[in-house]
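Dear colleague,

Here is the structure that I promised to pass on to you, and below it you will find my notes on what turned up in it. Please keep the model open while you read, so that you can look at each place as it is named.

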Amino acid sequence: MNSIILCGFMGAGKTVVGRELAKLMGFRFLDTDEMIEKKQGIAIKAIFAARGEEYFRELEHEVCREIASVKNCVVSTGGGALTYQRNVDAIKSGGAKVVFLDASFDVICERIGDSSSRPLFQDREQAKALYDERKAKYEAAADYTVDGDMSARMAAVRIAEMFKR
């Protein structure tokens with residue numbers, strides 16, 4: 001089966017839902033941010049600080065191209081990954097289906113709490129503007145949209161049901 005790609009804003013639950021969904025589906029789980037950190041040997045925050053966002057986005061695109069050919073996998077993407085059309089095109093070229101976890105900004109703020117590890121969430125007003133800007137891009141990239149405010153377990157079950165039909 002083609003892979004299931006999860007997109008959404010940081011804190012939407014992509015990684016937690018993705019791990020749960022992978023268990024339910026009997027799939028492997030991948031996280032694009034973890035893949036980048038493993039390849040670079042440093043945290044995303046350190047990549048941003050040392051090399052900047054543009055460099056990070058190039059690394060992210062390489063990973064999106066890699067996962068395009070992966071089958072039977074649930075992939076959690078970084079919050080900005082599928083706001084770039086080249087990444088959407090790369091991922092969908094392999095037949096993967098994209099699910100947007102549409103979590104409200106208030107729920108995201110509750111989940112993130114201390115935002116010191118989130119380079120793009122240092123200022124709440126700027127984060128809200130980024131959330132508003134990205135939401136339409138997630139919707140455009142998605143084949144399906146799921147309420148991201150529900151528990152990770154419920155979201156994973158809902159997604160699994162969509163794909164088992």
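Within the largest nonpolar core, which has 56 residues, the ones that touch the most other members are Ile4, Leu21 and Ile159; a nonpolar core here is a set of buried Ala, Val, Leu, Ile, Met, Phe, Trp, Tyr and Cys residues joined through side-chain atoms within 4.5 Å, and buried means under 20% relative accessible area, with exposed over 50% and partly exposed in between, using a 1.4 Å probe and protein chains only. The element that gives the most to this core is helix α8 (residues 152-164), with six residues. Helices (H or I, at least four residues) and strands (E, at least two) are DSSP runs, numbered from the N terminus.

This is a predicted model, in which local features need pLDDT of at least 70 and side-chain atom pairs count only at pLDDT 80 or more, while totals for chains, interfaces and linings use all residues. Residues are numbered from 1 along each chain as its sequence is written, and side-chain values use heavy atoms, with hydrogens and water left out.

If neighbours within four places in sequence are left aside, Leu21 is in contact (heavy atoms within 4.5 Å) with Ile4, Leu6, Val74, Ala156, Ile159 and Ala160. Val75, which lies in strand β3, counts as buried because its relative accessibility is 0%. Not counting residues up to four places away in sequence, Val75 touches Ile4, Ile5, Leu6, Leu30, Thr32 and Ile67. Val75 and Ile5 are 70 residues apart in sequence, yet their C-alpha atoms are 4.7 Å apart in space.

Val63 is found in helix α4 (residues 53-67) and is buried, with a relative accessible area of 1%. Its contacts, again leaving aside neighbours within four places in sequence, are Thr32, Met35 and Ile36. In the loop between α4 and β3 (73-76) sits Asn72, which counts as partly exposed at 35% relative accessibility and has a phi near 50 degrees, a positive value in a residue other than glycine.

Two helix pairs deserve a careful look. The axes of α4 and helix α5 (residues 85-92) come within 7 Å and cross at roughly 20 degrees, where axes are lines fitted to C-alpha atoms, for helices over the stretch in contact, and angles run from 0 to 180 degrees between N-to-C directions. The two helices α4 and α5 are therefore roughly parallel to each other; angles under 35 degrees count as roughly parallel, over 145 as roughly antiparallel, 65 to 115 as roughly perpendicular and the rest as oblique. From α4, the residues Arg57, Glu58, Glu60, His61, Cys64, Arg65 and Ile67 meet Arg86, Asn87, Ala90 and Ile91 in α5.

Helix α6 (residues 105-112) and helix α7 (residues 124-141) have axes 11 Å apart and pack at an angle of about 130 degrees, which makes α6 oblique to α7. Their contact is made by Phe105, Asp106, Ile108 and Cys109 of α6 together with Arg124, Ala127, Lys128 and Tyr131 of α7. The buried residues of α6, namely Phe105, Val107, Ile108, Cys109 and Ile112, pack against α7. Just after α6, Gly113 takes a positive phi of about 60 degrees.

With best wishes
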